[in-house]
Amino acid sequence: MTLPLTPTPRPRRRAPKERRLELMNAAQTLFLEKGIQHTSVDDIVMAADVAKGTFYVHFGSKDILLMALQQRFIDDFCVRTHHALQQPYSDWTERLLHWFETALGCLTHQELLHDMLFHDIHPASRSLMQNNPVVDQLQQLILDGLNAGVWQCDHPQEMAIMMFQSMHGLADKLISTQSPQQLPVLAALLANTFSAALA
């Protein structure tokens with residue numbers, strides 16, 4: 001009696017989301033290693049082990065892929081800082097402190113990735129504060145404080161921009177001086193300064 005042949009299983013096809021993620025991860029690694037200008041689409045698809053046509057299904061160009069990486073960084077940053085705002089707090093200064101500690105931590109722990117994505121290609125744009133989800137998050141925090149009756153602020157968006165820029169400036173200080181142990185001190189300085197400004 002002859003047993004029926006067992007068909008050879010086909011290789012599992014990767015889902016489109018999985019392929020997109022693999023392309024992004026491969027590109028990010030190569031951009032950090034070789035630089036964006038010296039990384040080709042061929043390099044990316046070879047590292048991700050996908051066909052070149054698959055790249056163009058998900059990304060029309062290397063610039064579009066770079067924008068996707070930027071958006072992923074921003075989304076991850078906002079998720080982390082949003083989570084920080086949900087932590088228990090005794091007063092609104094402590095709530096600010098949670099935000100600044102998390103924001104500074106995100107930038108100082110990923111400074112190479114941040115600089116590669118946002119500074120290495122194009123000069124700083126004067127429109128950076130427009131449609132900026134991080135500024136929007138800070139503005140909503142200020143509005144929440146106003147609604148709670150603990151803060152006063154006539155210009156919430158402008159105050160949010162100042163908070164954003166100040167945080168970036170002190171993140172640069174932490175990175176340039178290689179003094180991560182100063183992070184809690186600088187986060188407290190930011191929280192106390194803006195809490196006083198909003199009181």
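A: An axis here is a line fitted to C-alpha atoms, for helices over the stretch in contact, and angles run from 0 to 180 degrees between N-to-C directions. The model is predicted: local features need pLDDT of at least 70 and side-chain atom pairs pLDDT 80 or more, while totals for chains, interfaces and linings use all residues. Residues are numbered from 1 along each chain as its sequence is written, and side-chain values use heavy atoms, without hydrogens or water.

Let's begin with the overall plan. The protein has nine helices and zero strands (DSSP runs numbered from the N terminus: H or I of at least four residues for helices, E of at least two for strands). Read from the N terminus, the elements run α-α-α-α-α-α-α-α-α. Of its 199 residues, 38% are buried (under 20% relative accessible area; exposed is over 50%, partly exposed in between; 1.4 Å probe, protein chains only). Among contacts (heavy atoms within 4.5 Å) between residues at least 6 apart in sequence, 67% join residues at least 24 apart.

The largest nonpolar core has 55 residues (buried Ala, Val, Leu, Ile, Met, Phe, Trp, Tyr and Cys joined through side-chain atoms within 4.5 Å). Within this core, F31, W99, F100, L104 and M167 touch the most other members. Two or more residues come from each of α1, α2, α4 (62-85), α5, α6 (111-118), α7 (133-147), α8 (156-176) and α9 (183-198).

The axes of α8 and α9 come within 11 Å and cross at roughly 160 degrees, so the two helices are roughly antiparallel (over 145 degrees; under 35 is roughly parallel, 65 to 115 roughly perpendicular, the rest oblique).

Helix α9 has another partner in α5: their axes come within 8 Å and cross at roughly 135 degrees. That angle makes α5 oblique to α9. From α5 the contact uses T93, L96, L97, F100, E101, L104, G105 and T108, and from α9 it uses L183, L186, A187, A188, L190, A191, N192, F194 and S195. F100 and L104 in that list are also among the core residues that touch the most other members.

While you are on α5 (residues 92-109), look for H98, which sits in this helix. With 15% relative accessibility, H98 counts as buried. Setting aside its neighbours within four places in sequence, H98 contacts A84, Q87, P88 and Y89.

The loop between α1 and α2 holds G35, which is partly exposed at 23% relative accessible area. G35 lies 8.1 Å from M116, C-alpha to C-alpha, although 81 residues separate them in sequence.
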